[in-house]
Amino acid sequence: MRVALLTENRDDLRTAALARHLRRYADVDVLRAGTAPTRDLAGVDVVHSHTWDTGLAGHLAKFQHGVPHVLTPPGLEPPARVRRGALLVADRIVVGSFQMRAELMRRHRELAPRRVTVVHGGFDTQAYHPDGGTGALAALGVRTDPAAVRHTVACVGRDLPEAALLNLLRAAPRLLPGTQVVICAPGPEAERAHGELAAALRAEGCDLVWVRRTPSPRAVRQLLTFADVSVCPAGHDAPEPAALAAMACGTPVVATKAGCLTEVVHDGVTGLLVPPPAAHPEIYAKDLADGINSLLADPQKAAWMGETGLARTEREFTFEAAAERLYAVYEAVSENKVKAQRMKTEPIRT
């Protein structure tokens, strides 16, 4: 089988990683839709687009060459420049979560349920995996001496919005004594909020370590592995990747029961989910702190959750798992095309 993955940027690392694993099953080309005319898609068996603009190219390939089109929409509504036909006429729509599937079908009731498939996006477990070393942590200011620190809680994000930091701020004073809170959030928004939030935390007696520069991947692995708990407070800019990174390092996650996190973190098994803040931020802060403290106070339970989360990540969220499930989708749409062609050529019996 020959598959064309359409992208707007051939240097996209996620598409490249997915293509690498798909090549175990099929002949895969990564094409930039803006430079590849649709005639170049005439010889492929399946075209898979990953953006609205590439979805339009896949849509044209379907009607010009009869190539089955698989679409992974980047959002729920196509922009004005893209006709809804690219969404409604695709042979199969692949989304990354059951939540997005439900919302997509609610907004576009013309979609048949059988045409919308959930394939969780691949996660790079080669970049994130348990790393018991601590050599990179000293440069971050993280203390590893058990005589000085009893517990470590880590919050990792690219550029944590102030809302997430405030939620963590309200919870931090309620954590068990001797808890080191490590906030790894390099970026301009966290940088602006650093002085005020750090002062407030320390005034409450919190042991705060604020990592203000982008750490190396090795340092992040070691931090997540060393931490007793990883936390994704409400307002986190990328909660699902942060939760998966922690789980891939064998660390339990305490997060908010909202969005796709409910599909990543198995509540009570790989971590704990707390109700979202809604109109009661202080209640949320207490719930968040209580969830973290319950795991800090029960290291055996936390270790079991960490091991279970690691196994779940390796089983369900790797690029290997995503490639296997996508190939099953490709096979299905190709088989449907063959059946349709057979129906056209077979004589009608009376």
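Which side chain meets that of Glu282 in a salt bridge? The partner is Arg170, with N and O 3.7 Å apart. Here a salt bridge is a side-chain nitrogen of Lys or Arg within 4 Å of a carboxyl oxygen of Asp or Glu. Glu282 lies in helix α10 (residues 281-296) and Arg170 in helix α5 (residues 162-171), so this contact ties together parts that are 112 residues apart in sequence. Helices (H or I, at least four residues) and strands (E, at least two) are DSSP runs, numbered from the N terminus.

Before we go on, please keep in mind that this is a predicted model, in which local features need pLDDT of at least 70 and side-chain atom pairs count only at pLDDT 80 or more, while totals for chains, interfaces and linings use all residues. Residues are numbered from 1 along each chain as its sequence is written, and side-chain values use heavy atoms, with hydrogens and water left out.

Back to our pair. Glu282 has 45% relative accessibility and counts as partly exposed; Arg170, at 28%, is partly exposed too. In these terms, buried means under 20% relative accessible area, exposed means over 50%, and partly exposed is in between (1.4 Å probe, protein chains only).

Side chains of opposite charge can pair when their charged atoms come close. In this model the count comes to 12 salt bridges. One of them joins Asp207 to Arg143, with the closest N and O atoms 2.1 Å apart. This pair also links distant parts of the chain: Asp207 is in strand β9 (residues 207-211), and Arg143 is in the loop between β6 (116-118) and β7 (151-156), 64 residues apart. Asp207 is partly exposed at 23% relative accessibility, and Arg143 is partly exposed at 36%.

Now turn to helix α11 (residues 299-316). Arg312 and Glu316 form a salt bridge there (3.3 Å, N to O). They are separated by about one helical turn because they sit four residues apart in that helix. Both of these residues are buried. Elsewhere, Glu77, Glu103, Arg106 and Arg107 are linked in a network of salt bridges.

What about the cysteines? A search of the whole structure finds zero disulfides, a disulfide being a pair of cysteine sulfur atoms within 2.5 Å. For Cys155, the nearest cysteine sulfur is that of Cys232, 6.7 Å away. Cys155 is buried, with a relative accessible area of 1%.

Finally, look at the pockets. On a 1 Å grid over the protein atoms alone, a pocket is an open set of points, where a 1.4 Å probe fits, with protein on both sides within 12 Å along at least five of seven lines; lining residues have an atom within 4 Å of a point. The largest pocket holds about 920 Å³ of space, a volume being the space filled by probe spheres set on the points. Of its 31 lining residues, the closest to the centre are Arg14, Gly96, His120, Gly121 and Gly122. Elements that each supply at least two lining residues include α1 (13-22), β5 (92-95) and α12 (319-345).

The second largest pocket has about 720 Å³ of space. It is lined by 26 residues, with Phe123, Tyr128, Arg158, Pro241 and Ala245 the closest to its centre. Two or more lining residues come from each of α1, α7 (217-226) and α8, and α1 gives the largest share, five residues.
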